[in-house]
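Keep the viewer open and follow along strand by strand.

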Amino acid sequence: MMAGSQGGNILVDTHAHLEMPEFEKDLPQVIQRAKEVGITAIVTVGTNLLSCQKTLEIVGSYKDTYAILGIHPHHAADVKEEDLGRLKEMAHHEKVKAWGETGLDFYRNLSPPQIQRERFRQQINIAKELKLPLVIHSRQATKETIKILQQEKAWEVAGVIHCFSADEQAAKKYLDMGFYISIPGVITFKGAQQLREVVKGLPLERILLETDAPFLAPVPYRGKRNEPAFVRFTAQTIAEIRGLDISEVAAITTDNARRTFDLDYI
Ligand SMILES: [Zn+2]
Ligand SMILES: [Zn+2]
């Protein structure tokens with residue numbers, strides 16, 4: 001069970017953007033490096049219609065990669081109604097395991113807040129209709145994210161709070177609604193004391209690991225391009241925080257990913 005090549009631990013990167021231009025030149029090598037350190041599955045996320053089309057091509061070409069389709073809050077304003085219809089059709093593909101990332105980003109506000117809210121509510125209901133778990137992106141919008149998830153009864157499908165960056169009270173509310181909390185490489189950053197404190201108190205069986213590659217590379221690669229193989233540094237940091245061996249963190253979080261995304265082969 002703990003086996004992995006090079007004595008590594010079996011891990012899942014539950015959130016990467018392999019379709020982005022940063023990976024255009026060397027995607028096969030990126031995926032190979034992940035395999036070599038024991039990453040048994042990569043879940044890759046499309047953010048608008050074109051990016052979701054590319055995402056489906058990738059999961060069609062590489063074993064052990066899975067897709068999340070949806071409209072990112074940054075793209076809420078430039079998506080057309082018929083794009084969502086196309087995405088719903090595409091989501092019937094057997095390797096599509098969740099809907100998202102949807103939510104609110106009031107930090108960058110690349111789409112007007114009111115349009116973000118509408119697209120968010122709409123996509124919660126699409127996920128419910130398709131019976132897919134949700135992947136939620138929330139930045140400087142915790143209160144409103146929780147309010148909308150509650151109002152739209154998102155707990156019927158639940159899913160993942162990706163790139164979690166809020167406080168303990170928010171984590172508890174998300175957990176109460178049945179969501180998993182996904183921890184990015186940010187946890188390795190010197191300034192991430194609050195996140196490390198929150199992770200100390202989270203139930204291990206509700207934690208997922210992610211890179212959000214190509215963004216947010218963990219220490220010792222901070223500032224460089226991130227890639228799925230680096231998810232092991234996040235696992236290592238969580239192991240240190242919790243006083244566990246990395247093999248225990250790997251086994252539990254991989255099992256969590258298997259449940260969340262219905263990866264029954266793991
Ligand atoms: Zn995101
Ligand atoms: Zn993302």
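Let's begin inside the sheet: β4 and strand β5 (residues 134-139) run parallel and are joined by 6 bridges. Within this pairing, Thr102 stands opposite Ile136 in β5. The path between the two strands passes over helix α4 (residues 113-130), and β4, α4 and β5 together make a right-handed β-α-β unit. Please keep in mind that this is a predicted model.

How many residues of strand β4 (residues 96-105) are buried? The count is 10 of the 10, so β4 is largely enclosed by the rest of the structure. A residue counts as buried here if 20 or more other C-beta atoms lie within 10 Å of its own.

On to β3, which pairs with β4 in the parallel sense over 3 bridges. Here Leu69 is found opposite Trp99 in β4. Helix α2 (residues 49-61) lies across β2 (39-45) and β3 (65-69), and its direction is at about 160° to that of β3.

Now the whole sheet. It is open and has 8 strands, in the order β1-β2-β3-β4-β5-β6-β7-β8, with parallel pairing. At the edges are β1 (11-16) and β8 (207-209), each of which pairs on one side only. From one strand to the next, the twist averages 30°.

| Strand pair | Sense | Bridges |
|---|---|---|
| β3 and β4 | parallel | 3 bridges |
| β4 and β5 | parallel | 6 bridges |

Methods:
Residues are numbered from 1 along each chain as its sequence is written. Chains are lettered from A and ligands numbered from 1 in the order in which they are written. This is a predicted model: local features need pLDDT of at least 70, side-chain atom pairs count only at pLDDT 80 or more; totals for chains, interfaces and linings use all residues. Two strands pair if DSSP finds at least two bridges between them. Helices (H or I, at least four residues) and strands (E, at least two) are DSSP runs, numbered from the N terminus. Axes are lines fitted to C-alpha atoms, for helices over the stretch in contact, and angles run from 0 to 180 degrees between N-to-C directions. Two residues are in contact if their C-beta atoms, placed from the backbone, lie within 7 Å. A residue is buried if 20 or more other C-beta atoms lie within 10 Å of its own, exposed if 12 or fewer, and partly exposed in between; C-beta atoms are placed from the backbone. A crossover is right-handed if, with the strands pointing away from the viewer, the path from the first strand over the helix to the second runs clockwise.
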